[in-house]
Amino acid sequence: MSEHNKAYNPLDKKNLGESVADALLSSAIHNMPPDNFVGAGVYAIYYTGNNSLYEQLTKINQDNQFKCPIYVGKAVPAGARKGGLGLDSETSKALYARLCQHADSINAATNLNIKDFYCRYLVVDDIWIPLAESMLISKFQPVWNCALDGFGNHDPGKGRHAGMIPPWDCVHSGRAWAEKLTPNTLKIDELENKIKTHIESVLTTNNFFE
């Protein structure tokens, strides 16, 4: 049976993931970080500033269009992270805390301005959170998820600074803990070219310029 002749199944995993992703994309836009709220779920972060690396993103996100996120992610309740059911998701502040962590990273960067960043978030039952995040990454291929790794990294902690500086911190230096790591062997110009090439490919593939 061809794909076109298949009966639509609203409970198909792909369709469930898309429904959650669509709900996020139709939600309100907030400053970074947003006001305090309760819940776990998924989020998308958008850039609208004048950093030349992200010029194309700014063009399609300006004037409140917010078509393509620079990063998407998830925040699960503590119980879910430990292999439990995450039944505290309704009282957890995991999603708000995660967005605040990202805001701190942006504020620490010497070449980024938190005022240029916005977000959408959606509180979701914990069972659907990983699926929705996967659908969003697949759809948008956000540059900080797919081409410049490290934005979502945490301080590895005392005595664990043997790893290399993440690529994100090579381009957007400023996080104190990252500066304690071993210098990365990747060259800045290579990373910057990778960023621009990736964004151009994503925006063209998704017809965001139309």
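Searching the whole structure turns up 13 aromatic pairs (Phe, Tyr or six-membered Trp rings with centres within 6.5 Å; planes under 30 degrees apart are stacked, over 60 edge-to-face, the rest tilted). Keep in mind that this is a predicted model: local features need pLDDT of at least 70, side-chain atom pairs count only at pLDDT 80 or more, and totals for chains, interfaces and linings use all residues. Numbering runs from 1 along each chain as its sequence is written, and side-chain values use heavy atoms, leaving out hydrogens and water.

**Ring pairs**
- F37 and Y96 sit edge-to-face, because their planes are at 75 degrees, with ring centres 5.9 Å apart.
- That pair bridges 59 residues, from F37 in the loop between β1 (30-31) and β2 to Y96 in helix α4.
- W144 and W168 also pair edge-to-face, at 5.4 Å centre to centre and 90 degrees between planes.
- W144 is in helix α6 (residues 143-146) and W168 in helix α7, so their pair ties together parts 24 residues apart in sequence.
- W144 and W168 belong to a ring-pair cluster that also takes in Y43, Y47, Y54, Y71, F117 and F151.

**Burial**
- W168 counts as buried at 0% relative accessibility (buried is under 20% relative accessible area, exposed over 50%, partly exposed in between, with a 1.4 Å probe and protein chains only).
- W144, at 1%, is buried, and F37 is buried at 11%.

**Helix α4**
- Buried residues in α4 are A94, L95, R98, L99, C100, H102, A103, S105 and I106.
- Their cover includes β2 (41-47), β3 (71-75), β4 (117-123) and α7 (167-171).

Note on methods. Helix = DSSP H or I, 4+ residues; strand = E, 2+ residues; numbered from the N terminus. Contact = heavy atoms within 4.5 Å.
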